[in-house]
Amino acid sequence: MNLFNSSPSSNFLPDDLARPLQAASSRLGCLAGPIRWYPEVASTNDTAIALAEQGAPEGSIVIADSQTAGRGRFGRRWHSPASCGLYTSVVLRPTKDALSLLTLAVGVALREGVLVTTGLALVLKWPNDLFIGKRKLGGVLAEACSKNTESQYVILGFGINIQNTVYPQEIASNATSLEDELGYQVDKGLLLTECLVAISKQYELLKNGSSQAILENWRQAATSTFGSTVEWTEGESQHRGVVDGIDDSGALLVRSKAGSMRISSGQLRWL
Ligand code: BTN
């Protein structure tokens, strides 16, 4: 594994992250680096996009201790104070076939990483959320670029709240961290390592066309969200329905007054 930082603006990977990564190097598959670590960036996704544009290989990883402009889906802010979470982005160069289930596959992987490290079983909420009970612990932000076939890449960003922190008011009642839930300190290096190992495993499954295994694992981890009521907007009209599950393309299946509907993108409100 390539643990060296070649960028002048990045510091050496701290020991608490480097040691477990090095020990797991044979399990990291295609996520074997190079790794760049920064004390602070605007967004690890932006840093990874810049690297991918310069030709960074698949498996290049950007990690930051804090982000000043961390973002979630739909441009929402991702609260990223220093040393309180895992803020990581990976450069992937998947084929078109591996793209559609990528976010779900990474959800399955992060659940496995957290389970192996802490014993906590997360709930997955379509399409990209990691929950513990009714509170959000983390999320996935996959951003694809396909300007031309040569530079096609996906930046796979994920954030997991590790330490207690004061959350912005708008998410305070809805957010949690691993340490809030467990009541003890979590080994960040181990968590990062097990998440990357699990992502590499799920990504291999995707590339081999083993999507049924991913879908099955995702459904099992999301069962408690099935039966929930959701609202969404389509054009001018507002819809409401009950979640039935996901189909084999990863789209959400919802029962509404208008019948059974498939939602493959867009903003949902869980009620
Ligand atoms: C979401 O829940 O909407 C997704 C949150 C993703 C946050 C991570 S933190 C690392 C990476 N860099 C970002 O700016 N966002 C992702």
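Helix H4 (102-118) and strand S6 (135-145) each supply at least two residues of the lining of the second largest pocket. Helices (H or I, at least four residues) and strands (E, at least two) are DSSP runs, numbered from the N terminus. The model is predicted: local features need pLDDT of at least 70, side-chain atom pairs count only at pLDDT 80 or more, and totals for chains, interfaces and linings use all residues. Residues are numbered from 1 along each chain as its sequence is written, and side-chain values use heavy atoms, with hydrogens and water left out.

**Second largest pocket**

- The second largest pocket has a volume of about 380 Å³; a volume is the space filled by probe spheres set on grid points that are joined across faces, edges and corners.
- A pocket is an open set of points on a 1 Å grid over the protein atoms alone, where a 1.4 Å probe fits, with protein on both sides within 12 Å along at least five of seven lines; lining residues have an atom within 4 Å of a point.
- The lining of this pocket comprises 20 residues, of which Leu99, Ser100, Thr103, Pro127 and Ser264 are the closest to its centre.
- S6 gives the most to this lining, with 5 residues.
- By class, the lining has 11 nonpolar, 7 polar and 2 charged residues; Ala, Val, Leu, Ile, Met, Phe, Trp, Tyr, Cys and Pro count as nonpolar, Asp, Glu, Lys and Arg as charged, and the others, Gly among them, as polar.

**Largest pocket**

- About 1200 Å³ of space lies in the largest pocket.
- It is lined by 47 residues, and the closest to its centre are Arg76, Asp129, Phe131, Lys136 and Asn174.
- Among the elements that give two or more residues to this lining are strand S4 (123-125), strand S5 (129-132), S6, helix H5 (169-172) and strand S12 (268-270).
- The lining is made up, by class, of 16 nonpolar, 21 polar and 10 charged residues.

**Ligand site**

- The ligand takes up the space of the largest pocket; a molecule sits in a pocket if more than half of its atoms lie within 2 Å of its grid points.
- Helix H2 (44-53), strand S3 (85-92), S6 and strand S7 (153-161) are the elements that give two or more residues to the shell around the ligand.
- S6 gives the most to this shell, with 4 residues.
- The shell contains 5 nonpolar, 12 polar and 4 charged residues.
- Of the 21 residues around the ligand, Ser43, Gln67, Arg71, Arg73 and Lys136 come nearest; a residue is near a molecule if one of its heavy atoms lies within 4 Å of it.
- Polar contacts are pairs of N or O atoms within 3.5 Å.
- Oxygen atoms of the ligand lie 2.8 Å from a polar side-chain atom of Ser43 and 3.4 Å from one of Asn128.
- An N or O atom in the side chain of Thr44 is 3.0 Å from a nitrogen atom of the ligand.
- Taken alone the ligand exposes 420 Å², and the protein buries 98% of that; accessible areas come from the Shrake-Rupley method with a 1.4 Å probe.

**Backbone features**

- The peptide bond from Gly33 to Pro34 is cis, with omega near 10°, and Pro34 lies in the loop between helix H1 (15-23) and strand S1 (35-38).
- Trp126 and Pro127 are joined by a cis peptide bond with omega about -5°; Pro127 is in the loop between S4 and S5.
- Phe74 is a residue other than glycine with a positive phi, near 55°, and is placed in the loop between strand S2 (61-64) and S3.

Notes. Polar contact = N/O pair within 3.5 Å; in protein donor to acceptor, adjacent residues only side chain to side chain.
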